[in-house]
Amino acid sequence: VGLSPSPAMADLLLAKLRELQAKVESTEPEASILPTCLSLLDQLGTVLGGGGPPPLTTREDRYGGVEIEVPISAADTPHALGVELSRRIEQWAAAGKRGLWLKIPLDCAAFAGSAAAQGFQFHHAKPEYVEMTRWLPTDQPSPLPAYAFTQVGVGGVVVNSAGHVLMVQERVSPTAKMQGSWKLPGGLADPGEDFADTVAREVREETGIAASLSNGGGVVSLRHSHGFRFGVGDLYVVVKLVCEGSDEIQMDERELAGARWVPWEEVRAMVAPPSAESFDGKVSQTNLDFISSALSGALIAGTPTPSSRPGVSSMVYTARAAET
């Protein structure tokens with residue numbers, strides 16, 4: 001009956017091997033004995049009765065790279081899997097492959113350390129996996145694209161049959177200065193949503209109002225900002241929607257402190273100067289400009305358009321003349 005090395009034994013051996021690697025690098029910075037150490041660790045596991053790791057799933061992309069996926073069944077063999085990855089890297093480098101994309105499921109998160117030791121860097125993470133990359137050519141910088149770095153937010157200029165605009169007060173504003181200010185309802189887009197879909201969902205969730213693009217709706221404007229949370233950019237899209245059916249507000253008190261229909265003249269009277277210390281009970285000049293453009297400016301219409309990528313939907317936005 002074969003013996004199985006305990007996780008504690010494997011971790012202890014790996015820790016000792018990394019200590020040895022650090023000592024080698026302190027005297028010879030370019031030297032690396034880690035692949036050899038991992039190979040010895042794998043051989044030790046075989047001697048003690050451990051089996052080899054499940055094979056990596058690989059697919060060559062159109063740019064001379066390789067997409068690699070770690071099988072969930074490899075969760076118990078991170079060290080042996082590191083040996084397999086090291087072996088494959090040597091093969092890919094010899095074959096002139098370029099970018100490597102390594103997808104590690106959450107169950108195999110322990111393997112990320114071994115991948116990092118072999119030159120992989122974090123690219124992005126989702127709740128169910130982490131993606132790592134490595135650029136193999138040593139004579140040119142990596143052109144591998146960064147992960148998405150822009151979030152999409154929307155605001156809705158919702159108009160009822162009386163021509164009044166739906167405005168809300170957030171229960172908690174992003175900054176103390178804007179606490180209590182009146183603004184457009186809206187929020188961040190979910191994956192797969194078009195701009196108008198996001199606005200309609202947010203308006204319905206926050207106020208209970210059903211609204212759509214029909215009868216005069218469209219994209220009003222776009223604002224592009226940089227340096228938001230986690231260093232991402234922010235694309236804020238303002239969309240004009242028209243109230244459908246009842247305009248009775250059913251406010252979500254968890255999200256909002258206030259919501260009401262406001263006549264255009266009152267909106268103008270509520271504007272505070274940018275230098276104001278507090279916007280409590282006021283409207284910003286930026287929101288006034290958005291509303292003015294929605295009520296009297298030219299709008300941008302979206303048209304569904306076929307995409308060259310299978311399974312990808314596209315919407316093309318084109319300015320149109322103001323209706324008279």
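Start by selecting helix H7, residues 285-296. At 1.5 Å a residue its twelve residues should span 16 Å, and the end C-alpha atoms are 16 Å apart, so the two agree. (The expected span is 1.5 Å times one less than the number of residues; helices are DSSP runs of H or I with at least four residues, strands are E runs of at least two, and both are numbered from the N terminus.)

You're looking at a predicted model: local features need pLDDT of at least 70, side-chain atom pairs count only at pLDDT 80 or more, and totals for chains, interfaces and linings use all residues. Residues are numbered from 1 along each chain as its sequence is written, and side-chain values use heavy atoms, leaving out hydrogens and water.

Stay on H7 and pick Asn287, Leu288, Phe290, Ile291 and Ala294, which are buried (under 20% relative accessible area, with exposed over 50% and partly exposed in between, using a 1.4 Å probe and protein chains only). They cover an arc of only 160° around the axis, so they sit on the same side of H7; the arc is that of the directions from the helix axis to the C-beta atoms.

Next, hop to the five-stranded open sheet, ordered S1-S2-S3-S5-S4 with mixed pairing. (Strands pair if DSSP finds at least two bridges between them.) Its edges are S1 (57-60) and S4 (121-126), each pairing on one side only.

Now zoom in on S2 (66-69) and S3 (99-105): they run parallel, joined by four bridges. Click Ile68 and you'll find its bridge partner in S3, Leu102.

Last stop: Cys108, which counts as buried at 3% relative accessibility.
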